[in-house]
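Here is a short report on strand pairing and surface charge. Keep the structure open as you read.

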Amino acid sequence: MPDNLALLPLRVRPRIGETPLSLLGRLASRRGADDPARFARSVGLDPVAVSRGHHTAELSILSGLPEAGIAEWSVDQVSESTVVLAGETLRMKSEWCCMDFAEAGRRYCAECLEEDASDGEGGPPEQRAYVRAWWDLRFVRACSRHRILLETRCPRPQCRAIVKHSHVPSHRCMVCRAPFAAKTRTALSEGDMAAEAYVQGRLGIRERMSVPFLDQMSLHQADETMWRLGIVAEMGTERVNRFVETLAPADFCRLASRGFAVCLEGKQGVERLLQSLFDRSAGSINGPTKSYGMLFKWLDTPRYDDNTPKHVETLRGIVRTHAMSEIPMMTTDTLFREDCTSSRYVSIKSASLAAGTQYRTFVRRALDAGMITERDVSLGRFLRGDIPKITSIRTDRLPMGKVSKRLGVTKKHLNRIFELEMLPVVIGPPPAEHRYVRVEDVERFASLVRLDAPLVTVNERDHLRLFAGEVDTWLALQAIVGGTLVPLGASRVGDLKSVVLDRSDLEKGDYLKLPKELREKRRQTQMRTQRAREIESKPKLLSSHATTNRLGTAWASLIGLVQGGLLQSASDGKRIKSGFLEKDVDEFAARYVLSNRLRSEYGMPWSESLRSDLEARGCLVHAVAGFADLFVVQRGDVQRVLSDGLVDRVPSGSPDAGKSTAYDDMGDEEWSVISPLLPTAVQGYARLNDRRTVDGILWHLRTGLPWSDLPDRYGPHSTVRARLTKWDRAGVWNGVLAAMAAALADRFLPIERPGVLMWGGVRTGSRSDLRVVAWWTPPARG
C-alpha cells in the first residue's frame, strides 16, 4: 500500500447490503477523488477484481470496517460464468448484470438514494449514497422497502442515459448530473410485491418466507417458475409470445405474484391450474399442446432433455401426471420423450378399433352401459381399463336394422308392427334418442309366430301364407301375438312373410279379405301382366345415333348402307325417319363388318391386295354408296382368309411389319393346357370369363394395337388389361407361357423385336415391353 495513505483508515459509516464497488466509491469521495477507478489504482487495487469479490481485506483496512461485513455482500466468482452472492449461485449476464467495474449497479431505487442523502450524516451526499448488492440481480425488479420499481436510466427526459453507479457522484447521472431522486416513482401494490418479497427474503434483505415448492429450486429457477405460471394463469392457452415481449417490469411483478400464489399451494396449486387450463379447452379433442398452451411448449423444449433443471423437472412431473390422468393418449404417443402406455384414457377411436366395433356403435354401447359420459365423448376419451369389459358386454337391445333382419321384414312392415304395439320400443338417452327393441321381446315375438320352428311345406289348398293376398295380414298377426291364432310354422328360415296358416283357422276367425277386394286386386295384376307382355312383344326401334354407335360407323356411311340396300330402315327404306329395328341391326353386325373396322376387330388393315384376294375367292365385297374406300365384307370370309395365314396382321409402322401372324382364338386343346394354371379362388362380383380374357390378351399382344381397339367380343378392355397386369405381377402369366411353349411348340411362334428374342407376356424390364406370341398355323405348300 502506498506511503501517502499512512493516515488510514478513512472511517466511513457501514451500510447494510453495500457492494464493495459502492464502498470503494464512497472512500474515493471521502478522500476527495473525482474518479473511483483512479483512486483504486492509487491504493494498489484493481476495480474489476473488487467488483468480483477480491481485495476485501484491503477495503477493510481502508474503511476501518470489519472484513466479514464487507465479504457478506461481495461477489465470489467460482467460474468464468458463475458467481455466488448471499449464498445464491448466479449465472453471469442472465442472472447477475454486474460484469465489471464499468457496468456496476445499472439499477437504483430513487427513494433509497434520497434517504441516503438526507440521513443526517456529515459530509457531502456523495459519501452517503451507496449501491445495494441486490440491485445487480436481474430477477429483483422492485424495492421491497418502498414498493416501487427499480430504475435503469437517468430521470431527465432529455438525457435518459444508462445509470452507472460506480461513477461519482453515485446519486447523480454521470452525463447530465441530474439527481436520481427526482425520478417519478412507479408504485406497486402490496399484492404485486408478493413475488419480490419472497425473492428478497431468500437474499436476506427482509424476513424469509418458507415456500417448500420454491425452496428446492435456485433463486433464478424460482423466479422463472413464478412468472411463467402467472402468465399461463392470466392468458390461459392462448399464444403469448408477443404478449411476453411487450410486458413492462410492473406487469412482470404482477404476473410473478400471481404465479407465487399458485406456488404457495405447492403441487396441488399447479394441478389446480392445469385442470383449469384443461377445462377451458374442453369440448374438443385436444392433446397436451392445446390443453396446456405455452406452459407445455416451454417444458417440452428439447434443450432441457440432456441436463434438466430442477424447476423444469418438477413441473414436467406434475404435467405428466395430470396429462396421463385426463388426456386420451394413443399407444404410439410420447410425452417429454417418454411413452404413454400407462395413461388412464385412450382415444375412443383407438378403443373402438381394439374392440372391433364401429365408432358410433362403440359410443352408443358405452353410453348405454354408463362407461362414458357426454363430456368424455366431447373429449374423445375412454378408460383404458374398460376396453376388455365393453368387448365382453352383450347388449340386451337391438337396433332397428337388426330387428328387421331377425324377423325378415322391411322397415315399412316393422313400423306397422310398432304402430299396432305388437313390439314395445325403447327410446335411448338424449340427445340422440335412438330407438331399440329388447332382445327378449324380439325372441318372444319370433316364438309366437314360430319363425324358428321346423320348416313347413305349403299346400295351396289347405294353407295360406301370412302376407298372402287373401289374408287380412295385420288382423291375423295381432291374433297370433294375442294367442287366438296359432301358425303352423314358416316355409323359409327367419322370414315373417313366409309364416304358414291353416285355411280353416283363417275362415273360422274371419281373417280373410272380402272376395270383392280380392277379385279387384287379381284383375289389376292381370292387367299389369298383359301390359308388360304387349311392351315386350312390340318391336324395339333404335335411333340413328344408337345405330351408328352399335355398328361403329359414321352418319354418312349409315346413309350409304341404307341406300345400298344392305340395311333396312323402319320407314321407306331410302330416307331415315323412324330409325332401325334392333333385330335388323344385330343381324347386320353379326354377318357383316366394315372395312374400316377390320384393324380394331381383327387386327389387320384394309388394303387393295386384301380386296383382290377376297374377290378372287368369290367373296362378297360390297362398296358403300358415296364412299370410294369403304366396303362391306362378310365376317365368315374374313375368318377364312385369316385361317389361311395369308394376311399381315401387324400394322405396317410397327417393328414386326411384314411377318405373317394370322390367328384364330384358342381351341379346346390350347385351353386345356392354360385353364389349370389360372387362379380360381377369387372373391367379389362375378368375374369375366377367363377364356375370353386370355383370347383378348393374346389379341392385344399379337396385334400391337391400343387397348381401346380391343374387339367387344373379348369384353371391356379395362378388365382384360387389369387381368393381364394382375397375372403378370403374380407370375401366373409366365407359367402360362412356359406351358404353352412346352405343350404347343409347333404352334407357338416367337417374334423378334430389336435386340431381344421375346415371348408373349414375359416381362423384360420396362412395364410396357410385353413380348408377342401368336397361334401359328403353317400355310399349305403346293
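Strands β11 and β12 pair in the antiparallel sense, over two bridges. Within this pairing, V426 has Y436 of β12 as its bridge partner. The model is a predicted one.

On its other pairing, β12 (residues 435-438) is joined to β10 by three bridges, and these two strands also run antiparallel. Here R397 stands opposite R438 of β12.

Together these strands make an open sheet of three, in the order β10-β12-β11, with antiparallel pairing. Which strands are at the edge? They are β10 (397-399) and β11 (426-427), each of which pairs on one side only. As background, strands of a sheet pair through backbone hydrogen bonds, either parallel or antiparallel.

**Pairing around β15**

Strand β15 covers residues 499-502. Strand β13 (residues 463-465) pairs with β15 in the antiparallel sense, over three bridges. In that pairing, L464 has L501 of β15 as its bridge partner. Strand β14 (residues 489-490) is also joined to β15, by two bridges, and runs antiparallel to it. A490 stands opposite V499 of β15.

The bridge counts, pair by pair:

| Strand pair | Bridges | Sense |
|---|---|---|
| β10 and β12 | three bridges | antiparallel |
| β11 and β12 | two bridges | antiparallel |
| β13 and β15 | three bridges | antiparallel |
| β14 and β15 | two bridges | antiparallel |

**Side chains of β15**

In a regular strand the side chains alternate between the two faces of the sheet. How do the residues of β15 point, and are they buried or exposed? V499 and L501 point one way, while V500 and D502 point the other way. All of them are buried. That includes D502.

**A charged patch on the surface**

Now turn to the surface. K513, K521, R528 and R531 gather there in a patch of positive charge. One of these residues, K521, lies in helix α26, which spans residues 515-537.

Why does K521 count as partly exposed? Its relative accessibility is 46%. Buried means under 20% and exposed means over 50%, so a value in between is called partly exposed. K521 therefore falls in the partly exposed class.

Conventions:
Residues are numbered from 1 along each chain as its sequence is written. This is a predicted model: local features need pLDDT of at least 70, side-chain atom pairs count only at pLDDT 80 or more; totals for chains, interfaces and linings use all residues. Side-chain values use heavy atoms; hydrogens and water are left out. Patches are made of residues with over 30% relative accessible area and no salt bridge: like charges are joined within 9 Å, nonpolar side chains (Val, Leu, Ile, Met, Phe, Trp, Tyr) within 5 Å. Accessible areas come from the Shrake-Rupley method with a 1.4 Å probe; for residues, only the protein chains shown count as cover. A salt bridge is a side-chain nitrogen of Lys or Arg within 4 Å of a carboxyl oxygen of Asp or Glu. Lys and Arg count as positive and Asp and Glu as negative; His and the chain ends are not counted. The place of a charge is taken as NZ of Lys, CZ of Arg, CG of Asp or CD of Glu. Helices (H or I, at least four residues) and strands (E, at least two) are DSSP runs, numbered from the N terminus. Buried means under 20% relative accessible area, exposed over 50%, partly exposed in between (1.4 Å probe, protein chains only). Two strands pair if DSSP finds at least two bridges between them.
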